[in-house]
Amino acid sequence: MKNEKFDVVVIGAGVGGPAAGAILAEKEGMKVLVLEKASRVGGRDISFNFRDESSETYKKAISEAASTWFFKSEPDLPELFSQGYLNGYAFEAGIHTLMVSEKGRTNTLLSYLGKPLTLYPAVSAGWWHDGELYRFEGGSERGGNFPWMDDRDRAECGRINSAMVRMSAEEAHSYDHVSLTEWMDARTDNANTKEFHYVNATMNCTINDPANISAGDNILMNRAVARAGKRFSYGGCSTPGLPGFVQIPMSLCDVIEKNGGKVVTGARVKEVLIEDGKVKGVLVDMQGSVEKVECPIVINSGLVNEMFRYIPEKHFPYTFVNRVKGFWRAGIGAVYFALDRQIVKEHVTFTPKVAGKEDGFDCDIRMGFWDSSGMDPARAPAGKQLLDAYVSLTDKEAHNRELVSLAYDRMMAFMTDNYPGFKESLEWTLYTVSDSLVPVAQAPFQVGDARPRAKCPFVEGLYHASDSSECSMAANDAAIHAGIIAAGRVSKKDYVSEILPDYSRD
Ligand SMILES: Cc1cc2nc3c(=O)[nH]c(=O)nc-3n(C[C@H](O)[C@H](O)[C@H](O)COP(=O)(O)OP(=O)(O)OC[C@H]3O[C@@H](n4cnc5c(N)ncnc54)[C@H](O)[C@@H]3O)c2cc1C
């Protein structure tokens, strides 16, 4: 890198930075350098092909770039790997499904760049209510067709749904800093409508407590799914074919390299060099040897809450530094259940409650699970079932071993109590925890204009592109949004309108 000149340096080979880099490389002819501190490309989007892993490389990979750690397994982790339990299985660092399937932002951008994904959409869904499982298929829940509701509930739920779907993006953003509870309380007192929307919002935003969910960001998500013609049992989400989620950052990095750029792993940015309020380049630690790369444009896609580890905070106003350091994160407890036959019949299932305040949580803890091998049969050996299950946890809860353990006991109890044959069919389990599925939780005062802008107003030449900077909605699609916005700010072109359909632009 020493004598090479680059137009743009991207910090991090996850999604947001490489999305911006790929657009700038492909459409603007810019030479892009991506620097990644971990030993592989992917960030939080890493996937595993277990033939090439040991228990130690797996633990290292999930912790070094995916903010995820191993919690427990049955049998224990070395045995899971050495005895071949994982052979023929493929999964991710956590649960990985893409919103809105082929019409979501991720596949839309990858298609624009000539790299569309193969996607396996969820086309059946289960919804637990009062101890009963309700099954939906092919969008049969359309129009609020929820059997547990009476006519009054259905009418009320339909009224709230259509208010969300018909809302302008501008109006939705006016509720960015309003909690979902407050928004809902002002509009209905119908308990079943509230329960439906609160469970849905937990699955959208990875936050259990509706008082901590931004009404505006959640409305934008529901609106995008419905306007794209999707439902939870009809392509509301999908899983990408193998190698899995990691192909998203890999495809973006391919585009960068195909256009003369470079992607370097094992390269930790120690410092962004700033003089007189302008970016001059970066200092990179390449396994002990430090190199200086000069460049006037740096796109930061590391977690914004951690940016002051390598961007000196003296260049930013005190209020901005405090705000960024104070953001709280949304994490998860992610569990993989491997069964010797198909026990769960639905692709995606939501449960209203597995634990609650009485157990020490802030509110009801809901569970979601995906029949990932039912969606993509290549994810498990023939005849077996791989279920990816999760509960949302705040960052604080994620670090509380007792609470996590209790949540995991409840998840297992729910499955064994409600799915006959589950216990007997279980071949292995693996439990992991992440404190940063969404590093800046989609909470009131943490979304919309509260986030660092794509073009930093304090340092010339510094841009942010990650799921925790300027963007809307959640996770991977949010990171893609941020990347498109940043590419537009660097090039002064409107890539958001050029690439995205109207329901996912704002
Ligand atoms: C357990 C888990 C489950 C998830 N499930 C889903 C899901 O189901 N659906 C979904 O859409 N999304 C999901 N996500 C979120 C999704 O993975 C992220 O939204 C997406 O990866 C964000 O991309 P990003 O570019 O913002 O950040 P990241 O992917 O975190 O990439 C940032 C990169 O920057 C690198 N970096 C940081 N600092 C430096 C430095 N100083 N020098 C060099 N490199 C640096 C990091 O190593 C990392 O590779 C999940 C995430 C986790 C952790």
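Predicted model: local features only at pLDDT ≥ 70, side-chain atom pairs only at ≥ 80, totals over all residues.
## Strand pairing around β6

Two strands pair if DSSP finds at least two bridges between them. β6 and strand β10 (residues 237–240) run antiparallel and are joined by 2 bridges. Within this pairing, M99 stands opposite C237 in β10.

The sheet is an open one, built from 3 strands in the order β6-β10-β7, with antiparallel pairing. Its edge strands are β6 (98–99) and β7 (119–121), each of which pairs on one side only.

## The chain as a whole

Stepping back, the protein chain holds 17 helices and 21 strands. The C-alpha trace spans about 65 × 55 × 40 Å along its principal axes.

Of the 506 residues, 55% count as buried. Among contacts between residues at least 6 apart in sequence, 72% join residues at least 24 apart.

## Helix α4 and its cover

Now for a local view. Helix α4 (residues 105–112) is mostly covered, with 6 of its 8 residues buried. Which residues of α4 are buried? They are R105, T106, N107, T108, L109 and L110.

Just after α4, G114 takes a positive phi of about 80 degrees.

## The shell around the ligand

There are 40 residues around the ligand, and G12, G14, G43, G94 and G302 come nearest. The elements that give two or more residues to this shell are α1 (16–28), β12 (267–275), β16 (330–339), β20 (426–438) and α16 (475–491). Which element gives the most? That is α16, with 4 residues.

By class, the shell has 17 nonpolar, 16 polar and 7 charged residues. At least three of the shell residues come from each of two domains: domain 1 (8–42 + 245–326 + 442–504) and domain 2 (65–92 + 330–438).

Key: Residues numbered from 1 in each chain as written. Near = placed C-beta within 6 Å. Nonpolar A, V, L, I, M, F, W, Y, C, P; charged D, E, K, R; others polar. Domains from an automatic or database assignment. Buried ≥ 20, exposed ≤ 12 C-beta atoms within 10 Å, placed from the backbone. Contact = placed C-beta atoms within 7 Å.
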